[in-house]
Amino acid sequence: MTDSELHDHLESTSITLFAEPGLPAEMHAGFLLAADLFGRFYPRVSLDGDKALASQALARIMAINPSLEATLGQGEGSDYALRFSPRASSARQVSVWASGWNVLIDGGPSPLVVDPKQPPSPLAACAAATIGVGEVFRGVFEQELGDRGRRALTPEGLNLVTLGRATDSVPLASPDLFIERFYLVGAGAIGQAAIYALKHSGLRGAICAVDPESVELSNLQRYVLTRDADIGVKKTALVVRELSGTGLSVVPVDAPWSGALVQFDEQRPVLVALDSAEDRIAVQASLPGPIYNAYTQPRDLGWSRHERFGEEACLACLYWPTHARPNRHEQIAEALKQSPHRVLAYLLSGTSAGQPLLPQAIPVIAGQEAPLEAEGWTERSILDDVAETAEVERAKLEPWSERPLADLYQDGICGGALLESRIGEVPRDVLVPLAHQSALAGVMLAAQFIASSDPALRPLRPSEVEGRFDVLSGPGQILPVPRGRSEACLCADADFVAAHQAKEQGDARVDE
Ligand SMILES: [Zn+2]
């Protein structure tokens, strides 16, 4: 599907978001999150059902995108719908509901093993919203997604704490949950969704938000805390704005993460929503307290917890370069369908994606000759070739022209701007922002942080430290992922482990 075909497909698709009249208040934030995500992607959205809530949603999406064709109460006859309702509807009308920590999709599993009238966790409602928006996406792109498209009801239920099937045996989070201080590193798409979810979770305390960057135009499609006028605003300022007047106070730090933020005598939790492996390893190497992490990849999203340094997989274990996964440049090359050699040259030399390489920027790799096509690399930019391979209009990639190639990978592939799909046997790339993917990663980051901080919930978490969800494969997946430690990681370094233990003991003394 080319960019203009995608545009036409979206223009001709109408979406309805419906709220069951009298929707429980704990689900309102979820409903508004769904409206927000629809408003960033679909040009024609109708808001229906509960009148007060539909009006609120309309106001929210008009602030995001004033040119949107948004209407109230015109839900009849739309092509697809997301309904906040406990009852199943049809393949083109996705139903989601939250009960306790459970997300129920299309009425929930049959037989329904949970009470749908349980008071919902606002976090489950936010997760329901993102999964529901993802189900609508699988419907709208049913043709393009092949056997991954949504063609039938998928009655399922999952519990955000146990990461297993829906269950009534998990209590809600304590209303008194208070965390004196914790960090959020990275206030991009994932970090912002985590903030949105934490705001509505009822958690009180103080958060130190760390991010050196400002909002760019290309961010608006995926950043749930942004409005139309926010280009150029510091990302941390969005966190301050979102949490003002709530039980969470914010200390903004407009700089990259630094070990200097971690004081020797304290072990505060760190929520990590960063883009690169290098930055994540740097956070772990600064020996902070427990780490909660979330990420998106081209095909799925995930989250992980790292609490027992030197005993279970640390954050660096997941990203350690010797891990048996492709190197970063190989990953980028595969995603962009370009030569790894050429990608490495861009990464090492810092050449902007819109510029051809200088001859001296092409690295000599032992045992590997640069391919014959390498001569062309000094004449054409890699961005030109990516556009051609992906059948994307070159002008659409212009926002990345002056930026490092890694940004195109991060926003374009991980952020979902270029989604790989297959039509027949021919691999094609379509331009689609998977805002709901980053949003779900952020909600799961918040959920695992709350579940880990509440003494009643902590023992109910899965033993696996990592979880994953593929937004293109529908509900009913197994989420927990076993993860071992990486050899030669810094958590296997005796000096690092000793330094960490010294900090933990220092922390214990302060607590006494
Ligand atoms: Zn490790």
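**Notes on the predicted model**

1. Threonine 246 is placed in the loop between helix 7 (235-243) and strand 10 (248-253). Since this is a predicted model, the remarks here and below concern computed geometry. With a relative accessible area of 29%, threonine 246 is partly exposed. Its C-alpha lies 9.6 Å from that of glycine 205, although 41 residues separate threonine 246 and glycine 205 in sequence.

2. An open sheet is formed by seven strands in the order 3-2-1-4-5-6-7, with mixed pairing. Strand 3 (69-72) and strand 7 (156-159) are the edge strands, each pairing on one side only, and the twist from one strand to the next averages 15°.

3. Helix 2 (residues 28-39) lies across strand 1 (15-19), strand 2 (44-49) and strand 4 (80-84), and runs at about 170° to strand 1. The loop between strand 1 and helix 2 holds glutamate 20, which counts as buried because its relative accessibility is 15%, below the 20% cut-off. If neighbours within four places in sequence are left aside, the contacts of glutamate 20 are Asp50, Phe84, Ser85, Pro86, Arg87 and Trp97.

4. The loop between strand 6 and helix 4 (122-140) contains proline 111. The peptide bond joining serine 110 and proline 111 is cis, with omega at about 0°, and a reader may wish to look at this bond in the coordinates.

5. How do helix 6 and helix 15 lie relative to each other? The axes of helix 6 (residues 189-201) and helix 15 (residues 435-453) come within 7 Å and cross at roughly 50°, and the two helices are therefore oblique to each other. The crossing of helix 6 past helix 15 is right-handed. From helix 6 the contact draws on Ala189, Ile190, Ala193, Ala194, Ala197, Leu198 and Ser201, and from helix 15 on Ser438, Ala439, Ala441, Gly442, Val443, Leu445, Ala446, Phe449 and Ile450. By class, the residues of this contact between helix 6 and helix 15 are 13 nonpolar, three polar and no charged.

6. Helix 10 passes helix 11 in a right-handed crossing. His329, Glu330, Ile332 and Ala333 of helix 10 meet Pro340, Val343, Leu344 and Leu347 of helix 11, so that the contact of helix 10 with helix 11 has six nonpolar, one polar and one charged residues by class.

7. The loop between helix 10 and helix 11 is the place of lysine 337, which has a positive phi of about 55° although it is not a glycine. Lysine 337 counts as partly exposed, at 31% relative accessibility. Leucine 287, in the loop between helix 8 (277-285) and strand 12, likewise has a positive phi, near 55°, and is a residue other than glycine; at 7% relative accessibility leucine 287 counts as buried. Glutamate 391, which follows helix 13, also has a positive phi, near 55°. In helix 13 (residues 382-390) itself, Ile382, Leu383, Asp385, Val386, Ala387 and Ala390 are buried.

8. Is strand 13 (residues 301-306) mostly covered or mostly exposed? Six of its six residues are buried, so the strand is mostly covered. In a regular strand the side chains alternate between the two faces of the sheet. In strand 13, Leu301, Trp303 and Arg305 point one way and Gly302, Ser304 and His306 the other way, and all are buried. Strand 12 (residues 291-296) pairs with strand 13 in the antiparallel sense over six bridges, and tyrosine 295 stands opposite glycine 302 in strand 13. Strand 13 also pairs in the antiparallel sense with strand 16 (residues 466-469), over four bridges, where tryptophan 303 stands opposite glycine 467.

Definitions and conventions:
Residues are numbered from 1 along each chain as its sequence is written. This is a predicted model: local features need pLDDT of at least 70, side-chain atom pairs count only at pLDDT 80 or more; totals for chains, interfaces and linings use all residues. Side-chain values use heavy atoms; hydrogens and water are left out. Axes are lines fitted to C-alpha atoms, for helices over the stretch in contact, and angles run from 0 to 180 degrees between N-to-C directions. Angles under 35 degrees count as roughly parallel, over 145 as roughly antiparallel, 65 to 115 as roughly perpendicular and the rest as oblique. A crossing is left-handed if the near helix is turned anticlockwise from the far one by less than a right angle, and right-handed if clockwise. Contact means heavy atoms within 4.5 Å. Buried means under 20% relative accessible area, exposed over 50%, partly exposed in between (1.4 Å probe, protein chains only). Two strands pair if DSSP finds at least two bridges between them.
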